[in-house]
Amino acid sequence: MKKSSTLNRFGSNKVVLTLVGIALFVFGLFYAYQGLSVRTSTRKYTERLGVDTATLIEIKKDVEELGADYKKSIIEKEYNIKVGKLSLKSIPSSDLIQFAPWKLAIGIALMLFGLLLPKVPKYILIYMCLFVVCFPFMWMVLASFKNNVDIIDASRSIFESEFTFNNYITVFDKYNFIRPTINSFYVGLMATLIGLVIGLPAAYAISEWHMYKTSLVILIVRMIPGITFLVPWYILFLKMGITNTFTALIMSHMLITLPFIIWVMVPFFDNVPQTLEEAAWVDGSPRWRSFFTIVLPVSIPGIMTASLLAFIFSWNNFMFSLVLTGAKTTTLPIAIYGFVGYAAVDWGGLMAAAVFITLPIIVLSLLMQQYIISGLTAGAVKG
């Protein structure tokens with residue numbers, strides 16, 4: 001009992017040390033970033049003005065003392081320099097310039113000390129990878145609440161500008177995103193459902209009778225760029241008189257969803273125990289009934305995974321929709337294309353529309369997370 005309590009205390013202390021290490025690393029990273037940014041800004045001014053750091057500090061002090069009486073000509077005459085278009089008021093304060101090297105050194109020291117504590121490097125690596133993956137989406141969300149000037153101004157931080165909801169109002173008021181949203185849901189849902197109706201029996205047949213050459217052909221079809229099929233599809237639909245219809249769009253999207261569903265489900269069906277079906281056959285159940293009553297219920301995680309990923313590919317498809325849709329069948333990727341004008345790009349509206357398009361997929365992925373994880377891992381190992 002005493003040994004168990006000692007182990008528990010050691011484990012809790014280790015957790016505390018890990019949390020302290022992560023906090024030190026984050027604080028050190030922030031401190032080092034501040035010091036490095038000030039040093040970078042200082043170097044820019046010293047190189048442009050041709051002065052050393054001490055002189056730059058004196059210039060900043062003079063600018064602050066002059067206040068409302070500040071003029072570039074006064075500074076240029078006093079220090080014999082050419083300011084040009086530089087804004088001397090933007091020079092970091094003298095205290096920041098002097099303390100910047102210490103900030104950088106202290107920040108690096110805190111980061112290194114934090115990494116020496118138990119398990120901290122592992123968690124830092126995980127969080128850094130997570131940050132790299134999530135940063136584009138975070139930037140997109142933040143940019144959707146800014147105006148175009150703040151978005152394209154590289155000198156401003158992502159947190160410096162004022163937030164506005166006008167971009168989201170523009171998306172639904174000016175560009176009318178409700179109809180394209182309904183169209184995208186309909187096309188994606190129908191392409192996925194029809195792909196499941198055709199693809200599940202096909203994948204089962206390939207798995208059951210070891211038709212691996214057919215499986216290879218399907219993989220090759222999936223690897224061929226979609227633009228290869230675009231012209232034949234368009235000519236065929238034009239002769240059939242179904243261009244600018246949902247039928248043409250759904251059929252074209254099945255070139256994406258059907259091969260993907262088959263390719264995902266074949267290894268999953270390979271891992272369904274053969275004894276389950278054989279027991280049903282012994283009891284007199286035909287093969288088609290055992291497929292519906294035994295194989296499909298066991299394969300629910302794989303079906304959910306294939307369905308979600310196929311729906312995502314259909315939801316994001318741009319090329320087929322660009323050529324085959326009309327005014328009444330416009331999907332969301334084409335609606336977003338409307339933000340790109342001949343002379344300018346509505347970046348704020350574009351970011352707001354991108355967030356609106358991404359949110360349904362994120363919600364579906366979170367709701368189906370359990371099925372996705374089990375579906376992707378269940379077919380990985382045979383036996």
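Where is Asn 80 found? Here are some friendly notes on this predicted model, starting with that residue.

1. **Asn 80.** This residue is found in the loop between helix H3 (72-79) and helix H4 (94-116). Its phi is positive, about 55°, although Asn 80 is not a glycine. For context, most residues other than glycine have a negative phi. Asn 80 counts as exposed because its relative accessibility is 72%, and the cut-off for that class is over 50%.

2. **Lys 119.** Another positive phi turns up here: the value for Lys 119 is near 65°, again in a residue other than glycine. Lys 119 has its place in the loop between H4 and helix H5 (120-143). With 44% relative accessibility, Lys 119 counts as partly exposed.

3. **The salt bridge.** If you are looking for charge pairs, the structure holds one salt bridge. The partners are Glu 208 and Arg 287, whose closest N and O atoms are 3.1 Å apart. Glu 208 belongs to helix H8 (residues 178-208) and Arg 287 to helix H13 (residues 287-298), so this pair ties together parts that are 79 residues apart in sequence. As for accessibility, Glu 208 is buried, at a relative accessible area of 18%, whereas Arg 287 is partly exposed, at 32%. In general, side chains of opposite charge can pair when their charged atoms come close.

4. **The negative patch.** On the surface, a patch of negative charge gathers Glu 58, Glu 64, Glu 65 and Asp 95. Helix H2 (residues 53-66) gives the most to this negative patch, with three residues. Glu 65 is found in helix H2, and its relative accessibility of 65% is why Glu 65 counts as exposed.

5. **The nonpolar patch.** Val 231, Tyr 234, Ile 235, Leu 238, Leu 322, Val 323, Tyr 337 and Val 340 make a nonpolar surface patch of about 700 Å². Helix H10 (227-240) and helix H15 (319-324) each supply at least two of the residues in this nonpolar patch. The largest share comes from H10, with four residues. Leu 322 lies in helix H15 and is partly exposed, with a relative accessible area of 43%.

6. **Cysteines.** How many disulfides does the structure hold? The number is zero. Cys 129 is in no disulfide, and the nearest cysteine sulfur, that of Cys 134, is 11 Å away. To count as a disulfide, the pair of sulfur atoms would have to be within 2.5 Å. Cys 129 is partly exposed, with a relative accessible area of 42%. Cys 134 is also partly exposed, with a relative accessible area of 29%.

7. **Met 251.** Is Met 251 buried, partly exposed or exposed? At 30% relative accessibility, Met 251 counts as partly exposed, since that class sits between the limits of 20% and 50%. Met 251 and Ile 182 are 69 residues apart along the chain, and their C-alpha atoms are separated by 18 Å.

Key:
Residues numbered from 1 in each chain as written. Predicted model: local features only at pLDDT ≥ 70, side-chain atom pairs only at ≥ 80, totals over all residues. Heavy atoms only, no water. Patch = residues over 30% accessible without salt bridge, like charges linked within 9 Å, V, L, I, M, F, W, Y side chains within 5 Å. Areas by Shrake-Rupley, 256 points an atom, 1.4 Å probe, with all protein chains shown as cover. Salt bridge = Lys/Arg side-chain N within 4 Å of Asp/Glu carboxyl O. Lys, Arg positive; Asp, Glu negative; His and termini not counted. Charge placed at Lys NZ, Arg CZ, Asp CG, Glu CD. Buried < 20%, exposed > 50% of the residue type's maximum accessible area, 1.4 Å probe, protein only.
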